Amino acid sequence: MPKTKTIHITYIGRLEKEKGIEIVIDAIKRGINEKRNIIWHVCWDGSYLKKIQEINNENIQIYWRISHEKISSILAQTDFVIMPSLFLETFGLVALETLSQGVPVVWFSQGGLIDFIHPTLVLDSKNPVDSLFRIIDNWVFPLVDISDLSFDNWMSKLTELTLWMDKILLVNDYTKLVGWAEQYIHNLAASLKSLWKTVEIFGYSGDTSRLMRIWIMMVTPIAFWRGIVLTKKIHHFNPDLIWMHSILRYIGPYWVRIIWDTDCKKYITHHDLGLITPRPSQVYSEWDIPNTPHLGDWIPKKISIYSIIETLLKWSYVRLLWYTLSKNTIQHILPSPWMRPYYQKYSNTSPIIFPHSISPNQSNK
């Protein structure tokens, strides 16, 4: 890269270790030490925010929990996006949105992200920072063809999935925009409404701080009052379809049982690996995914009293969820084909592959 040329690199995602933020920080420091003409755009929030702020350099621009529209404006001036997650991402919704705006993505190309990363832009897992700067110096950032994930194709599949269903209740952990999964739910609701469906979203709408999310997960198994609220919602709305999107932290087995007893069509989309592994953010390769639903395959490699208790509680909770799910004709939906063999072990039915889509009116430049 010419020394006089300024390059803009953007990171979008939670500022957490499992998201590879330490790689980004090391790259930023190296770029500053080498006096590279690089502007770093860091989008979102997390526990590593302070460490990035401490670098205190004018070439770092931090955007805290900004809107989707603001991210689009940042991508308009971005040369490429770096998203070096250490754990397996199930699909790569952010990568898809990035590519849809004509911006290449640099990543490790694993899990559901394989189809989004051009071979010349794959990071070396052993020397990610060195490989990143090799990519920068080559100054060639090719895109991946995502035409198969066009919005028109997605809407056609969505129309098929919701045929003869006029009233749809979307059930999710949260209704606020905690992350990209919640953004997907709101985009889905808007798309369904464009098909003249009547749509409502059910989930926790209060404080979504990290402490509150932990508290919600802890009290979910005993918070029966939420079941009363869900029951009233279903009886009042009388949906033709209940479409669950996350049932781990807020909903839980008791609420799935309520949905099970409802006489209507049911879907559940698995956006992550939360229902087939005890620690989704620590699944760094497919070898870390349990081979079977049995407790023995869930035991971690590093055993301690804490890990044993944590695994036992999580396994019991998840098994209860799957027991409840298996008692009814609930259709499982996966956003990526590579997830199918893992979820097939838990489900009595063959999952439907329904990938996410690029936003309407966007395509590769």
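Q: What is the order of the strands in the open sheet of 5 strands, and is the pairing parallel or antiparallel?
A: The order is E3-E2-E1-E4-E5, and the pairing is parallel. Strands (E, at least two residues) and helices (H or I, at least four) are DSSP runs numbered from the N terminus, and two strands pair if DSSP finds at least two bridges between them. This is a predicted model, in which local features need pLDDT of at least 70 and side-chain atom pairs count only at pLDDT 80 or more, while totals for chains, interfaces and linings use all residues. Residues are numbered from 1 along each chain as its sequence is written, and side-chain values use heavy atoms, with hydrogens and water left out.

Q: Which strands are at the edges there?
A: E3 and strand E5 (105–106) are the edge strands, and each pairs on one side only.

Q: How many bridges link E1 and E2?
A: Strand E1 (residues 7–12) and strand E2 (residues 38–43) pair in the parallel sense over 6 bridges. Within this pair, Tyr 11 stands opposite Val 42 in E2, and Ile 12 is opposite Cys 43.

Q: Is E1 mostly covered or uncovered?
A: E1 is mostly covered, with 6 of its 6 residues buried. Buried means under 20% relative accessible area, exposed means over 50%, and partly exposed lies in between (1.4 Å probe, protein chains only).

Q: Which residues of E1 point which way?
A: Ile 7, Ile 9 and Tyr 11 point one way, while His 8, Thr 10 and Ile 12 point the other way. In a regular strand the side chains alternate between the two faces of the sheet.

Q: Changing topic: how many residues are in the largest nonpolar core?
A: That core has 74 residues, and those with the most contacts inside it are Phe 80, Phe 116, Leu 170 and Trp 243. A nonpolar core is a set of buried Ala, Val, Leu, Ile, Met, Phe, Trp, Tyr and Cys residues joined through side-chain atoms within 4.5 Å. A second, separate core of 37 residues includes Ile 234, Val 256, Val 283 and Leu 321.

Q: And what does Phe 80 touch?
A: Leaving out residues up to four places away in sequence, Phe 80 touches Ile 7, His 8, Ile 9, Thr 10, Val 103, Pro 104, Val 106, Leu 132, Ile 136 and Phe 141. Contact here means heavy atoms within 4.5 Å.

Q: What about the sheet of 6 strands; what is its order?
A: The 6 strands form an open sheet in the order E7-E6-E8-E9-E10-E11, with parallel pairing. Its edge strands, strand E7 (198–204) and strand E11 (352–353), each pair on one side only. E9 is joined to strand E10 (residues 331–334) by 3 bridges, and Ile 268 stands opposite His 332 in E10.

Q: Which helix lies across E6, E7 and E8?
A: Helix H7 (residues 180–194) lies across strand E6 (167–174), E7 and strand E8 (241–244), running at about 170° to E6. Axes are lines fitted to C-alpha atoms, for helices over the stretch in contact, and angles run from 0 to 180 degrees between N-to-C directions.

Q: At what angle do H10 and H12 pack?
A: Helix H10 (residues 252–260) and helix H12 (residues 305–326) pack at an angle of about 5°, with their axes 9 Å apart. That makes H10 roughly parallel to H12, a label for angles under 35 degrees; over 145 counts as roughly antiparallel, 65 to 115 as roughly perpendicular and the rest as oblique.

Q: Which residues meet there?
A: Gly 252, Pro 253, Val 256, Arg 257 and Trp 260 in H10 meet Tyr 317, Leu 320, Leu 321, Thr 324 and Leu 325 in H12.

Q: Where is Thr 277, then?
A: Thr 277 is in the loop between strand E9 (265–269) and helix H11 (295–298). Its relative accessibility is 3%, so Thr 277 counts as buried. Apart from neighbours within four places in sequence, Thr 277 is in contact with Val 283, Asp 288, Pro 290, Trp 298 and Lys 314.

Q: Is Asn 56 buried or exposed?
A: Asn 56 is exposed, with a relative accessible area of 69%. The residue lies in the loop between helix H2 (49–55) and strand E3 (60–63). Phi of Asn 56 is near 50°, a positive value in a residue other than glycine. Most residues other than glycine have a negative phi, and most peptide bonds are trans.
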